[in-house]
Amino acid sequence: MWSILYAIQKRLTWAIPAMLVLGFLYGALLPSDPLRWLVLPLTFLMVYPMMVTLRVSHLTGWEDLRAQLLTQGVNFAVIPFIAFGLGLLFFADQPYMALGLLLAGLVPTSGMTISWTGFAGGNLAAAVKMTVIGLLLGALATPFYVEALLGAQIHVDLWAIAQQVLVIVVLPLILGVLTQRALVRRYGQEDFRNRWAFRFPALSTLGVLGIVFIAMALNAETILAAPERLLYILAPVALLYAINFPLSTLLGKALLPRGDAIALVYGSVMRNLSIALAIAMNAFGAEGANAALVIAIAFVIQVQAAAWYVRLTRKVFGPPEDEIRQARQTDTAESGNQAGETEAKDEAGSKGTSG
């Protein structure tokens, strides 16, 4: 079972589009409304496992304070307003789709922030802090951002959203920390890290795929009536990431060391689309399915873009510092050897001449 889940997790770039297609086929052929009762359990399956693996202990120490401040500045003072502006531009007559784009740009950082930072050779400790801080700030800020930016266009029940955030974020966070402590107490830190920590994100992947499937199934009839709608949704979502990646990259290169800069990129570009989906599906009733469709498409773009950015990291930021250091040591050693050989040759030559 676990090997199958790991395989799916490693192939999210294919698994999410596949679930979108399957969800569409299901919604086109079968009634999709009965699937709504699965939203809450799948939400828990999606969010809780991520919280079990959060290393809250990494919040100590602030050597990367500038990176943390820059990341949360981008997350809450820049990207939500860009998402809101794109929503007004592309979805002027579809406020719930504008809501989906706002949520996709509003809830920052996920477990994938840490994973992709690791793949790219960035500062993992900084990425963990960004994830925890962004998650907590997002939980507090989301209801107020939605009310302030879209309250005039859609019905926003501030308390209902706050309740959903408590259920979707805070409760799983508390249970996740307690679960982690219980497992560490029973099996030890090393066994938890090597055996258990890898299993929970794989379970979370099932929840993500299930929610994506339901979001597409609920929108299948609407898409059948206007298939060009998908392309219309794709444009602003792609544009949001096309702005976010260069912005974070430029800030990181200009103001931070390499490892922190990479963490900044993934800490500000990787949105917590799982929580955004859960809020859309749980807090806004039937209309939330339109918002969820936008977020589901954001999943596809985010995973693909993150994977491609890993491949470009070396070109953008150069090789890792330890690799540069090792290369310098090798060059120094080789220079020393060459100098020794030259000196030996010169000495041998001088002896031959004197002889």
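Start by selecting residues 273–283, which make up helix H13 in this predicted model. Is H13 mostly covered or mostly open? Mostly covered: nine of its eleven residues are buried. Colour the buried ones and you'll pick out Leu273, Ser274, Ile275, Ala276, Leu277, Ala278, Ile279, Ala280 and Met281. Then step past the end of the helix to Gly285, which follows H13 and has a positive phi, near 60°.

Next, click on Leu99. In the largest nonpolar core, which has 103 residues, Leu99 and Val212 touch the most other members. To see where the largest share of that core comes from, select residues 288–317: this is helix H14, and it supplies 15 residues.

Now bring up two helices together, H5 (residues 95–106) and H7 (residues 124–150). Their axes come within 11 Å and cross at roughly 140°, so H5 is oblique to H7. The crossing is right-handed.

Which residues make it?

- From H5: Pro95, Ala98, Leu99, Leu102, Leu103 and Leu106.
- From H7: Thr142, Tyr145, Val146, Leu149 and Leu150.

Colour this contact by residue type and you get ten nonpolar residues, one polar and no charged. Leu99 turns up here again, on the H5 side.

Notes
Residues numbered from 1 in each chain as written. Predicted model: local features only at pLDDT ≥ 70, side-chain atom pairs only at ≥ 80, totals over all residues. Heavy atoms only, no water. Core = buried A, V, L, I, M, F, W, Y, C linked by side-chain atoms within 4.5 Å. Buried < 20%, exposed > 50% of the residue type's maximum accessible area, 1.4 Å probe, protein only. Helix = DSSP H or I, 4+ residues; strand = E, 2+ residues; numbered from the N terminus. Axes fitted to C-alpha atoms, helices over the stretch in contact; angles between N-to-C directions. Parallel < 35°, antiparallel > 145°, perpendicular 65-115°, else oblique. Left-handed = near helix turned anticlockwise from the far one by under 90°. Contact = heavy atoms within 4.5 Å. Nonpolar A, V, L, I, M, F, W, Y, C, P; charged D, E, K, R; others polar.
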